[in-house]
Structure formats: structure tokens, C-alpha cells
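Okay, thanks for coming, everyone.

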Amino acid sequence: MKMSKIFAKFLLLGTLFSLYTQADAAIKSDFANVKDFGAKGDGVTDDSAAIQRAIDQVGLTGGTVFFPIGKYRIKKTLTVSGGKPIGTHELNWITLRGVGGTGAQLLGDGVDYILRAEGRDLPGFDKNYANGLRICELTFSSFNKIKRTHGIDASGMLRTFIENCNFIHLNKGIHTFHVKRSDSIWIVRIVGNLFSQNNDWSIDIQRAFDIVISNNVIEHGIGGIKVGKPGDQADAACNTIRIENNVIEGMSQIRNPAILGASWVGASIVGNYFESNASGDIELTPQATDGWTRGVTITGNSFAPTQKQRESNDYGPILLQRATDTTISNNFSTGERLIHGKSSQLVRNVIVFGNAINNPVSVSFDGVTKEERAKYEKQQISHKLSRNRFVVSGRMNVGIDSDCGIIVGNNSISYSDHSPVESKEKSVTGDFCFSRRPQVNAHGIVIGWYCVEGGQPGKWRAVTLAQE
């Protein structure tokens, strides 16, 4: 009798243990520590297979793959598949998470990419896209700095967050490309990452919709952010992109500016800091086959060109071609101009206003020598795209133009040192010209001249204030 009771107790304990084990397994299916799957993280062992097993475990149920502190050598590209489409009742998105800093390093060794996203060819999944990914707190780098790899192939990413990661000593950091020209990535957020000392574009996206690239640091590499490629014949290589609050500095003069784009539609470049990018800052230059850049806002950015760029007669940190409905406002540059001299085909509603250019003679001529004044005016005449203009259209067309002065309706007001009657300056334009150097004549103080007949030369009459 005693033996049967003891046996029953053991049977009950066994059942409870079995239930506990199953529950524990269910919990673990949502959380996979790569070291539990055999990854060493010693910087010597090839950890590719072990990490792939961990990724595959959470692949169908969703969950987190965790990378403890270590250096994980990757000799075969890791593949991560996303969860089910957002319309399904059961989401199973995947997170790859490290420990922050450079604690968890994925070191590519002889692979094209360290990580690739691919959809699943299963019912309920989109085989073209990995849907629902978070990649956080990991460092992507090359095992060999001479034989470098790329970081992430994001071509198959949909609803993806890449946050607080490091991309160091790679070729390209994050890259997308598509065989079909109509394909693109979409709803992707690249936020708070560090890209440093990479040999190619830090972010290279072929075609995209709804992309936010913000609060990243991109430094000391060969190329910052590229979305689309001039000449790729893609009308709207990017539709709705926000590049905000990034620091992009020290891009090499070999090639590739801080930001390169082709035909963008509905884009904003806001609040970024650009410094010493020897190969350029912002270049949106679609070619004739690409369509146009439309609906772009470039505002609140700061530019610190190199000394060579500041000494150029042509350089401006913003180079636009084939642009329409574009606003450039409230930017600051330590150079003498903002818009590059090679900018062309700036058509309907390209508005430039409120920008500050670090050139003291552009604010006031007080205390400036004659030679400095002449040099400045020559630069302004030869580079009219540096003008800031503000235009409000309605019943009256009112505007301010730093080259002509004030525009009211169809009447424009300019300014000059000399009487257009005496000098017949071709640069004097408008209906009324203020004198920078008021003079006294027999009738009073000459404050300017009014154009009674246009043309070159026009007929001007002095406007005076009577002497008392």
C-alpha cells in the first residue's frame, strides 16, 4: 500500500515536471539566447550556425534573439524572416537585440552581408518581405578591415526599426537593391545609429516609401546617405522620406557626398549638421530620364564647408537640379553661399528665404574696405542663386529679394551707390532705386531715383527730400 502511494506521488511529480518543462519551453520559444544554442562569442569560433538556429526558433512564433557580450564571427550570412502581415489577428514580429555600446559585435568574415532579411514562402506570410523586425543595440563590423563586408541587406524589409546600432569598418552599412524596378522597401526607421569609417555609403537605398532616417551620426567615411541614383530612370526613387537631426561629417573627397538623391517626392531634410564633407553636402540631381524632385523642404540645417570649398567661386552646400515646389529656408552656412553654382532647372515655386550665410559683408557694409565691398558684390552678381527671397502671392505680390530689394505688385525696388542717370549701370533694375549714398543737390537730399521709362538704359528722375 505504501509503495503504491509513493509511486502515485512520483507520478504526480513527473506530471508537474512535464507541465513545467513544456511551459518553460513555450517561454523560451519567445526568447532565444544565442549562447544557449552554442554560440561562443570568442571572436574565433564561427558562430553563424548557432545564431541561425536561435533566429529560426523564434521565426515562426515571434520573439527576441538575444546576443550577450561577445564577438561573434559570422562566416555565413544570417537570414531573418519577419512575422505575419499586419492584417492577421496574430502578430509574431522578431527582435534581434544586443547589450548596447560595442558589447555584442557581429563580425562578418568572407560574406557579402552579415545579415539579410527575407520573407517566408508559407501561408500567411509575404515571401517578398520580412514584415516586422527590430534590430537593436548590436555592432556590425568586419572581421578583417582589409577584406570588408557589408552590414545589412535590407532589400526585403517591411515595417522595420534599426535602432542604436553601430556600423563600423564596413563597406556599406545598410543597403537595399531590387531586381524589379517597381519594388521598394517601406515603413522603415533608421534611428540613433553610429556609422563610422566605412568604405562606401553608410545608407544606400535604391527605392523606398515612408522612410525616416534620424538622430544618426555618420562620420569619417566615403559616402553618407543615398536614396536613388541620378540616372537610374526611376520617377520618384523615394516617396516620402524624412532625414532629420543627423550629424554627417568628414566624408572623404574621393567620392560620394553627405546626401545624394535623384527624383524625390515629398521629402524633408531638416535640422541636420554637416561639417567638412569634402565631396559635398546635399546633392539632389535627377537626370533628364529620372523625372523631377518635387515637394522637398530643406530647412534648419547647419553647414560647415571645408576651407577649399569656402574658397571656391562656385561651391554651395545645396546642389539642386530639376527641382520644383521646393523650399530652402532657415539654414546656416559658414561659407559665402548656400546654393551651388551648378544648380539648374529650378522652376515653379522654388523659394529660398530666411537663410544665414556667414559673410559679414552680406549683412552690413559698415567698416568694409572698398576692395572687400567690390569682391563681395562681384560674387553676388556672379552667383544670384545665393539670394534669399520671400514671396507671398495673393491680390498683391509682395516680396523681398536681396538682389533687387523690395517688390510690391509689379513694382520692384532696388538700391545702388551711384545714380543710374550718371553711371547707366546695367545692374540697376526696378521701378525705384534707393541711394546707398544720399547726396545734397540744389533741390534737397537725393534719396533715390524713379524710373520713368524702362529699358537699357532707362530714364531715371531723382527723388529728393526738400531742405528746410
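Let me start with a term: a nonpolar core here is a set of buried Ala, Val, Leu, Ile, Met, Phe, Trp, Tyr and Cys residues joined through side-chain atoms within 4.5 Å. Buried means under 20% relative accessible area, exposed means over 50%, and partly exposed is in between, using a 1.4 Å probe and protein chains only.

Quick housekeeping. This is a predicted model, so local features need pLDDT of at least 70 and side-chain atom pairs count only at pLDDT 80 or more, while totals for chains, interfaces and linings use all residues. Residues are numbered from 1 along each chain as its sequence is written, and side-chain values use heavy atoms, with hydrogens and water left out.

Out of 468 residues, 48% are buried.

So which residues have the most contacts inside the largest nonpolar core? They are Ile51, Phe67, Phe140 and Trp264, in a core of 71 residues. Helix 2, residues 48-59, gives the largest share of this core, with 5 residues. Take Ile51: leaving out residues up to four places away in sequence, Ile51 touches Val34, Ala39, Phe67, Tyr72, Ile74, Leu78 and Leu106, where a contact means heavy atoms within 4.5 Å. There's also a second, separate core of 5 residues, including Cys433, Trp449, Cys451 and Trp460.

Now a few single residues. His150 sits in strand 11, residues 150-153, and counts as buried because its relative accessibility is 18%. Among the residues His150 touches are Asp112, Tyr113 and Leu170, again not counting residues up to four places away in sequence.

Asp210 has a phi of about 60° and lies in strand 18, residues 208-214. Asp210 is buried, because its relative accessible area is 15%. Asn330, with a phi of about 55°, is in the loop between strand 29 (318-329) and strand 30 (332-333). Is Asn330 buried or partly exposed? At 46% relative accessibility, Asn330 counts as partly exposed.

That's the tour, so over to you for questions.

Key
Helices (H or I, at least four residues) and strands (E, at least two) are DSSP runs, numbered from the N terminus.
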